[in-house]
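Here is a short report for a first look at this model. Keep the sequence and the 3D view open while you read.

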Amino acid sequence: MSERSTAGEAAEPSTESVNPVRVDRPDETADDYTTTELLAVAAAREIDDGETAFIGVGMSLMSGILAKHTHAPDCQLVTESGYIGSVPPGVVQSISDTILGVDALVATDQCEIFIDNQRGAFDVGIIGAGQIDSRGNTNSTAVIGDATYDRPKVRLPGSGGSNDIMTSCGRTVVMMRQQRRAFTTEVDYVTAPGHLDRSGRREELGFVGGGPAAVVTDMAVFGFDDDGEMLLETIHPGVSVDDVRDEVQWDLRVADDVRTTPEPTRGEVAMLRAIDPADVVLRGTDYVYEVGFEEWSNTVLDHWEQLRTVQNETDD
């Protein structure tokens, strides 16, 4: 496992030219990016070059691929379906999609991947959540409220790999929308343990991973202080500290030098749109369900060829 850093310290954007799909002026700030694209770029910058990154599907997959093709070409992506070091051409519909194994260095199985994770083999993991509290404990199981676990107000997708990632990866990045109902004083169910109820509790329980190090939302990026409490570090352009406070239920700690999140570059945005050519993740369209298989596969293959060209040039 590579050495990184203090919790919450994101990698600075690369100073080298990022031109994955030959867009003009790739290092200039993009002027037409969306909030979702800003979120994906901010999460990608949490992955350092040379690290192993345990990712899922959806936004975390996009951030991983973006990092691989831009500032972190030597990072190795790991998926729970059993692939290590693959170069997926784009978004997929499920973790079982074999596209996740394209050009993989290792193709094993789910059991082996999670055993390796429990050994502490992976540097960083990215997860999502439906609720989070001030110490990074997350809930992706059920919003219970005044109902019961068996009949909750909202049944969420469940843990997937989030519990294992939060428990054993070197550090964990949480991606989610900033909503007051989601940033809660107490999660209804602890699906993935953050810094629990006090500093040092993770070590007492024998967790090998460092727990949550960053929370990336559509409004801000948070780190954690030495006590394990969430700390507002950067706000996205056009967002104020008070805007963020309004979407958090607890008395939010704020860094002394809150900065503005670096905006995506033209190169990064072009890359994201190549990864998700049908806007399935970026804009949540139903394109994949509205066209025939041939049109869908041709669209994916066209963009895949662009990405393979980039990868070949990088290897050279």
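## The hairpin of strands 12 and 13

Five residues lie between strand 12 and strand 13 in their hairpin, and glycine 228 there takes a positive phi near 90 degrees. Strand 12 covers residues 220–224, and its pairing with strand 13 is antiparallel, over five bridges. Two strands count as paired when DSSP finds at least two bridges between them. Valine 221 has threonine 234 of strand 13 as its bridge partner. Helices and strands here are DSSP runs numbered from the N terminus: helices are H or I with at least four residues, strands are E with at least two.

This is a predicted model, in which local features need pLDDT of at least 70 and side-chain atom pairs count only at pLDDT 80 or more, while totals for chains, interfaces and linings use all residues. Residues are numbered from 1 along each chain as its sequence is written, and side-chain values use heavy atoms, with hydrogens and water left out.

Strand 13 spans residues 230–235, and six of its six residues are buried. Buried means under 20% relative accessible area, exposed means over 50%, and partly exposed lies in between (1.4 Å probe, protein chains only).

Strand 13 also runs parallel to strand 14 (residues 253–260), joined by four bridges. Threonine 234 has arginine 259 as its bridge partner in strand 14.

## Confidence and overall make-up

The protein chain has a mean pLDDT of 88, and 87% of its residues reach 70 or more. pLDDT is the predictor's confidence in each residue, from 0 to 100. Over residues 2–11 it stays under 50; the model has 22 contacts for them beyond four places in sequence. A contact means heavy atoms within 4.5 Å.

The chain holds nine helices and 14 strands. It has 316 residues, of which 53% count as buried. Take the contacts between residues at least 6 apart in sequence: 68% of them join residues at least 24 apart.

## Salt bridges

How many salt bridges does the count come to? The count is 14. The rule asks for a side-chain nitrogen of Lys or Arg within 4 Å of a carboxyl oxygen of Asp or Glu. Side chains of opposite charge can pair when their charged atoms come close.

Glutamate 28 pairs with arginine 25, with the closest N and O atoms 2.8 Å apart. Glutamate 28 counts as partly exposed because its relative accessibility is 38%. Arginine 25 is also partly exposed, at 47%. Arginine 198 and glutamate 204 meet at 2.9 Å, N to O. Arginine 198 has a relative accessible area of 37%, so it is partly exposed. Glutamate 204 is partly exposed at 49%.

Arginine 177 bridges to aspartate 218, where the closest N and O atoms are 3.7 Å apart. This pair links distant parts of the chain, 41 residues apart. Arginine 177 sits in the loop between strand 10 (171–175) and helix 5 (201–205), and aspartate 218 in the loop between strand 11 (212–216) and strand 12. Arginine 177 is partly exposed, with 40% relative accessible area. Elsewhere, a network of salt bridges links Asp32, Glu37 and Arg273.

## A covered helix

Helix 2 (residues 59–69) is mostly covered, with eleven of its eleven residues buried. Among them are Met59, Ser63, Lys68 and His69.

## Two loop residues

Is threonine 141 buried or exposed? Threonine 141 is buried, because its relative accessible area is 9%. Its place is the loop between strand 7 (138–139) and strand 8 (142–143). Its side chain makes a polar contact with the side chain of threonine 191, at 2.6 Å. A polar contact is a pair of N or O atoms within 3.5 Å; within protein, one must be able to donate a hydrogen and the other to accept it, and residues adjacent in sequence count only if both atoms are side-chain atoms. Leaving aside neighbours within four places in sequence, the contacts of threonine 141 include Tyr149, Arg155 and Tyr189.

Lysine 153 lies in the loop between strand 8 and strand 9 (154–155). Lysine 153 is exposed, with a relative accessible area of 57%. Its C-alpha atom is 5.7 Å from that of valine 143, ten residues away along the chain. Not counting residues up to four places away in sequence, lysine 153 touches Val143, Ile144, Gly145, Asp146 and Ala147.
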